Amino acid sequence: MAAHLSYGRVNLNVLREAVRRELREFLDKCAGSKAIVWDEYLTGPFGLIAQYSLLKEHEVEKMFTLKGNRLPAADVKNIIFLVRPRLELMDIIAENVLSEDRRGPARDFHILFVPRRSLLCEQRLKDLGVLGSFIHREEYSLDLIPFDGDLLSMESEGAFKECYLEGDQTSLYHAAKGLMTLQALYGTIPHIFGKGECARQVANMMVRMKREFTGSQNSVFPVFDNLLLLDRNVDLLTPLATQLTYEGLIDEIYGIQNSYVKLPPEKFAPKKQGGGSGKDLPTEAKKLQLNSAEELYAEIRDKNFNAVGSVLSKKAKIISAAFEERHNAKTVGEIKQFVSQLPHMQAARGSLANHTSIAELIKDVTTSEDFFDKLTVEQEFMSGIDTDKVNNYIEDCIAQKHPLIKVLRLVCLQSVCNSGLKQKVLDYYKREILQTYGYEHILTLNNLEKAGLLKAQTGGRNNYPTIRKTLRLWMDDVNEQNPTDISYVYSGYAPLSVRLAQLLSRPGWRSIEEVLRILPGPHFEERQSLPTGLQKKRQPGENRVTLIFFLGGVTFAEIAALRFLSQLEDGGTEYVIATTKLMNGSSWIEALMEKPF
């Protein structure tokens with residue numbers, strides 16, 4: 001499993017270090033003791049780059065969440081606001097600055113915009129009469145945040161909605177900017193491939209940015225061979241389906257935020273001796289960090305959930321055998337050796353206990369009748385069965401008022417697998433949804449239509465069967481325990497996005513021209529010239545490294561499928577994944593819902 005833990009040859013710490021350095025430099029400009037006032041949304045992403053110890057080294061003594069009214073008392077010389085460039089946040093900052101007690105010692109205010117300064121925001125601060133209070137007004141270009149050894153995310157909540165509904169290209173600009181930063185650190189990427197309208201825009205922006213920086217030739221040896229830019233709307237189907245990998249299911253059921261998950265505490269309570277009363281059961285959610293630094297998690301995160309139980313029971317046997325060894329330790333040397341391994345063994349035992357509890361929680365859900373019914377319907381749609389009439393299960397869900405997001409995911413899935421719904425089927429669903437959940441959801445339905453997730457079938461034919469057949473999106477005989485194909489992540493369905501990446505690597509996209517023309521948006525290929533002496537000579541047996549950037553979000557199941565391809569002995573390509581946001585079908589639909597006022 002060692003290959004799985006190291007996640008390839010690309011060292012993303014180089015990026016993490018560059019990002020930290022920029023933060024240190026800013027903190028050092030504000031001499032003296034400091035308090036940071038955080039835009040709450042940024043605390044999670046920042047936690048992945050800078051621990052509190054780094055901030056403490058640079059005299060950060062207090063941290064507060066940005067809230068209206070007065071700032072909490074703090075005996076510090078500098079107050080630093082760390083915020084996204086949002087107008088509503090400027091109003092709160094102005095309120096904080098204006099309610100500052102003038103009788104106390106004078107304090108210096110600074111503002112750090114993430115990831116860009118905004119003229120609109122500075123104008124708002126000026127209108128509110130506080131712009132002059134800030135000694136430093138700067139930007140902190142945190143575009144791509146390293147989440148794991150092979151994973152980067154911009155964590156831009158609204159990127160999909162902005163791009164596909166509002167025609168706002170800000171997040172595409174940040175994506176291009178982030179890619180330019182990566183090229184500065186890891187060398188120019190010789191080949192750029194792309195599919196989709198947004199992919200085209202990002203590639204164009206990169207070309208423009210490169211022209212602006214002419215003269216500063218990048219002399220770093222290229223780490224990446226290819227960049228693949230993929231629009232989320234090229235594959236609307238994958239996120240709508242229920243992910244069936246271990247990590248995917250944790251995210252579907254509990255939601256993973258900035259690599260942390262909050263779980264119901266009762267499963268993690270220490271077992272009482274003699275079955276004492278359960279009065280002092282913990283009430284606080286159990287918060288766990290999930291990344292590949294934890295050996296066991298790295299091993300099971302990308303497996304189909306049905307293959308996780310056997311790994312856990314095997315691990316349990318190995319660990320208890322290791323603890324039994326202590327009875328065989330006779331000499332001082334043997335005892336010393338055992339003691340030195342103890343911390344590692346105890347950590348492994350703790351990790352096993354946690355994942356056994358999580359697996360039990362997930363199993364409670366996946367063995368329920370409703371989960372099975374929902375999955376059956378999804379798989380029928382994806383394999384092309386009964387996609388063009390009103391579905392009984394969806395009707396029942398609406399009648400029983402199941403969560404609206406669940407209903408919308410299923411209706412959208414049916415629509416996508418049928419290249420749109422017959423007008424009378426679509427009208428029926430809409431009418432039922434609005435009558436049951438309230439007419440305010442008409443705006444949400446409108447958004448889903450605009451995004452192409454829900455649509456009426458126009459005179460054209462249903463293209464999905466052609467796409468499914470040509471790209472082998474549905475596999476009947478899936479081996480979930482020892483998979484041979486990426487379709488294991490959805491127990492039968494191979495993510496279209498990942499299939500495109502796989503076919504690009506071998507035999508190349510020329511083999512699927514017909515399907516590429518059916519899928520939305522242009523497909524293209526660009527070459528970037530490399531300075532002499534930096535052309536890569538590949539060693540025999542050395543894999544190519546492809547950076548794949550999902551514009552509009554990516555799911556954990558897609559990440560698992562790409563890792564699976566990276567691990568293949570004869571795959572020939574290793575993948576590093578970047579995205580505007582880590583998401584699942586529910587968080588995606590939620591981001592497209594209009595909040596009723």
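Keep in mind that the model is predicted.

Let's begin with the helices. Two packed helices are described by the angle between their axes and the distance between the axes. For helix H15, residues 369-382, and helix H17, residues 404-416, that angle is about 20° and the axes lie 9 Å apart. Angles under 35 degrees count as roughly parallel, so H15 and H17 are roughly parallel to each other. The crossing of H15 past H17 is left-handed.

If you want to look at the contact itself, pick out Asp 370, Lys 374, Val 377, Glu 378, Phe 381 and Met 382 on the H15 side. Their partners on H17 are Lys 406, Leu 410, Leu 413 and Gln 414.

Now for the aromatics. The structure has 13 aromatic pairs. One of them joins Tyr 246 and Phe 305, whose ring centres are 6.4 Å apart, with 5° between the planes. Planes under 30 degrees apart count as stacked, so this pair is a stacked one. Where do Tyr 246 and Phe 305 lie? Tyr 246 is in helix H11 (residues 246-253), while Phe 305 sits in the loop between helix H12 (295-300) and helix H13 (308-324), so the pair ties together parts that are 59 residues apart in sequence. Elsewhere among the aromatics, Trp 38, Phe 46 and Tyr 140 form one cluster.

Next, two single residues. Is His 58 buried or exposed? His 58 belongs to the loop between helix H4 (52-57) and strand S2 (60-65), and its relative accessibility of 12% makes it count as buried. Setting aside neighbours within four places in sequence, His 58 has contacts with Arg 24, Leu 27, Asp 28 and Lys 34.

Look for Lys 424 in helix H18, which spans residues 423-437. Exposed means over 50% relative accessible area, so Lys 424, at 64%, counts as exposed. For a sense of distance, take Lys 424 and Thr 283: these two are 141 residues apart along the chain, and their C-alpha atoms are separated by 49 Å.

Note on methods
Residues numbered from 1 in each chain as written. Predicted model: local features only at pLDDT ≥ 70, side-chain atom pairs only at ≥ 80, totals over all residues. Heavy atoms only, no water. Axes fitted to C-alpha atoms, helices over the stretch in contact; angles between N-to-C directions. Helix = DSSP H or I, 4+ residues; strand = E, 2+ residues; numbered from the N terminus. Parallel < 35°, antiparallel > 145°, perpendicular 65-115°, else oblique. Left-handed = near helix turned anticlockwise from the far one by under 90°. Contact = heavy atoms within 4.5 Å. Phe/Tyr/Trp six-rings, centres within 6.5 Å; stacked < 30°, edge-to-face > 60°. Buried < 20%, exposed > 50% of the residue type's maximum accessible area, 1.4 Å probe, protein only.
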